[in-house]
Amino acid sequence: MIPAIVYVPDGRTRPGQLREAALDVLDLRPAEVVLPEATVRDERGGRLFDGSTLMFDPAAGGGPLADDAADRQARAFGVTNTAFHVQRALRFASALLGHPLPHLLVRIGMHNQPRRWHGGHYRLPRASLTDEPADLSCTGEVHLGGGAGFVPAPDGSRYFHAPAHNAAIICHEVGHHLCRHTADFRLNRLRPPEQQTNLKIALDEGTADVLTAILLGTPDIYGWHRGAIAEWDPRRRKLQPRWTMAHFLGGRDQDPHADGTVWASACWSARERVIATGADAARFDAALLRGMESTGADPAGPTEDDLANEALAKDALNERRQFSRLLSAITRADPGLAPVVLTAMAEHGIRPGASNTALKDAARADLTGEVGR
């Protein structure tokens with residue numbers, strides 16, 4: 001175990017509390033930290049680590065306006081902060097599932113040309129990805145940009161927005177790794193390892209968001225770097241009761257992040273309702289993860305031959321888009337919680353046994369009826 005300075009979540013709309021934490025490290029290399037669960041690497045070159053210390057100053061995110069020493073501190077802090085949140089997220093998942101997930105590679109400082117990038121994404125290998133490294137891991141990678149723009153620091157000063165300093169971005173991308181290796185919404189386990197798909201559906205984005213909320217202890221997961229966006233604006237992606245199936249759009253051309261907020265908000269409401277009954281929140285967390293795993297490992301599900309058939313593949317993938325399917329799996333994972341979870345989900349317009357389209361139409365019909373009364 002090596003002590004490290006990191007941002008520890010405190011449930012507020014800021015990066016967290018700057019504290020010392022213990023990090024389980026297998027190897028410390030010049031610009032990367034190797035953990036039992038993941039490898040976190042800064043891809044921008046140069047030596048960041050000397051010796052065994054992981055005690056670095058975040059230096060307000062570093063960036064192009066910082067001097068070289070401050071930027072090096074910020075980059076080194078970004079690796080250790082990312083490693084802390086990745087390890088915490090993966091250990092949270094493995095404890096509830098009862099087994100580890102495949103090793104995850106996290107690359108920091110990616111895609112900064114032709115302009116700087118302050119985002120993150122999860123990538124699996126596919127030949128058509130011309131803007132990605134040729135050696136993508138078949139089990140998945142998280143890519144974080146080097147940063148761009150500024151957000152408020154806790155003291156109100158200016159902070160360079162480096163994704164490696166932002167626990168919400170880190171946890172969300174790890175959430176996609178969890179989705180890939182449990183629910184497998186896009187059936188990548190049936191595809192050739194080098195021909196997987198990176199398309200995300202609303203369930204993938206929403207599940208990654210609710211897992212982020214659980215890990216950060218707040219439904220306002222992006223409140224730090226999106227604090228200037230109103231809470232009622234879908235771009236804020238705050239998980240609150242107002243988001244129901246009446247807001248769901250669906251369709252290939254719609255943003256899965258916005259539609260995913262409906263699912264994430266419903267899950268958060270269900271978790272809050274479980275807590276209100278006096279039950280441990282971990283029961284809902286375990287039901288969610290085990291429900292995801294059971295849907296991904298369905299022995300009656302499609303085969304590789306089915307996926308090769310265009311019509312069968314379309315039906316199988318469409319089935320995995322449905323909120324009701326995962327909801328039913330969650331309730332089967334913990335039948336004792338089912339009444340509470342189903343009631344909370346129904347308040348968001350999500351019920352078992354109906355397609356997303358049917359749920360959307362029903363929720364909008366309810367609104368129309370209320371207006372007409």
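This briefing looks at the salt bridges of the structure above. The model is predicted, so local features need pLDDT of at least 70, side-chain atom pairs count only at pLDDT 80 or more, and totals for chains, interfaces and linings use all residues. Residues are numbered from 1 along each chain as its sequence is written, and side-chain values use heavy atoms, with hydrogens and water left out. Across the whole structure, a search finds 26 salt bridges (a side-chain nitrogen of Lys or Arg within 4 Å of a carboxyl oxygen of Asp or Glu).

**Pairs that link separate parts**

- Asp209 and Arg237 join in a salt bridge, at 3.0 Å from N to O. Asp209 sits in helix α3 (residues 202-216) and Arg237 in the loop between α3 and α4 (256-276), so this pair ties together parts 28 residues apart in sequence. Helices here are DSSP runs of H or I with at least four residues, numbered from the N terminus.
- Both Asp209 and Arg237 are buried (buried is under 20% relative accessible area, exposed over 50%, and partly exposed in between, with a 1.4 Å probe and protein chains only).
- Arg283 and Asp334 also meet in a salt bridge, at 2.8 Å from N to O. Arg283 belongs to helix α5 (residues 281-296) and Asp334 to the loop between α8 (323-333) and α9 (338-346), so the pair ties together parts 51 residues apart in sequence.
- Arg283 is partly exposed at 36% relative accessible area, while Asp334 is buried at 15%.

**A pair and a network**

- Asp42 forms a salt bridge with Arg44, and their closest N and O atoms are 2.6 Å apart.
- Asp42 is buried at 3% relative accessibility, whereas Arg44 is partly exposed at 32%.
- A network of salt bridges links Asp27, Arg29, Glu32, Arg41, Glu43, Arg107, Asp135 and Glu141.

Methods: Helices (H or I, at least four residues) and strands (E, at least two) are DSSP runs, numbered from the N terminus.
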